[in-house]
Amino acid sequence: FDKEFCQQCIKEMDLMYKNKKEFVHEDNYGDSRIFGAEDLSENIQKFYDHPLLNRLANAYSAVTTCCGFTLAGRIEASGNEYGSGGPWHRDSYFRQFKSLIYLTDVNESNGPFQIIRGSHKANQISQDTKSGKLESMQCTFPSDIVDKILKDDPTRLKTFTAKAGTVVLVDTSAIHRGTPLKEG
């Protein structure tokens, strides 16, 4: 997506955060979210309805699927140990396709998306459960547990920095997080 599209989404989000406070969900670490933002923004609706993203979701899922909702998120550096979405976690143990768009340039300091490669695959879940001494079906993971999981292969940790307009396609049954913000 181009920079103008991103700037328009940000403008519309600013208005939502100002005028639609009843839709804003906030937590204790600076993460504010609006679920179903496609109903409040013409440009976010374009992302929600994007034909290529919908075709990719169908292809990945191998069945006809639909977008459940679009989450508009804003996070600010707060000195907290968590970034967007809270601690390391997986959304589900079942395949779950998501498209994320960076509306601003994202660097190492302002909360890039991180994922542990392969952590959504059945054989890797078993290995990670052993190496991290995880509970059965555990969905949130303290950083020290993630360090144990990555000990044998630190290259599994992937960090996605990118320019505004970049779309990240992800199966959120993998262990992931937004990196804690240092600034911005």
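So, cavities: how many of 30 Å³ or more are there? The count comes to one. By cavity I mean a set of points, on a 1 Å grid over the protein atoms alone, where a 1.4 Å probe fits but cannot get out. Grid points are joined across faces, edges and corners, and the volume is the space filled by probe spheres set on the points. The largest cavity holds about 30 Å³ of space. Its lining, meaning residues with an atom within 4 Å of a point, includes Tyr-29, Ile-75, Glu-76, Tyr-82 and Leu-181.

Quick caveats. This is a predicted model, where local features need pLDDT of at least 70 and side-chain atom pairs count only at pLDDT 80 or more, while totals for chains, interfaces and linings use all residues. Residues are numbered from 1 along each chain as its sequence is written, and side-chain values use heavy atoms, with hydrogens and water left out.

Next, helix 4, residues 122-132. Helices here are DSSP runs of H or I, at least four residues, and strands are runs of E, at least two, numbered from the N terminus. Which residues of helix 4 are buried? Gln-124, Ile-125, Asp-128 and Gly-132. Buried means under 20% relative accessible area, exposed over 50%, and partly exposed in between, with a 1.4 Å probe and protein chains only. Turned away from that buried side are the exposed Ala-122, Asn-123 and Lys-130. Helix 5 (143-150) is part of what covers the buried residues.

Now Ser-41, in the loop between strand 2 (31-35) and helix 2 (42-48). Ser-41 is buried, at a relative accessible area of 4%. Its side chain reaches the backbone nitrogen of Ile-44 at 3.0 Å. Leaving out residues up to four places away in sequence, Ser-41 touches Glu-12 and Met-16; contact means heavy atoms within 4.5 Å.

Last, cysteines. A search of the whole structure turns up zero disulfides, a disulfide being a pair of cysteine sulfur atoms within 2.5 Å. For Cys-6, the nearest cysteine sulfur is that of Cys-9, 6.4 Å away. Cys-6 is buried, at 1% relative accessibility. Cys-67 is partly exposed, at 26% relative accessibility.

Note on methods. Polar contact = N/O pair within 3.5 Å; in protein donor to acceptor, adjacent residues only side chain to side chain. 1 Å grid on protein atoms, 1.4 Å probe; cavity = no way out; pocket = protein on both sides within 12 Å on 5 of 7 lines; lining within 4 Å.
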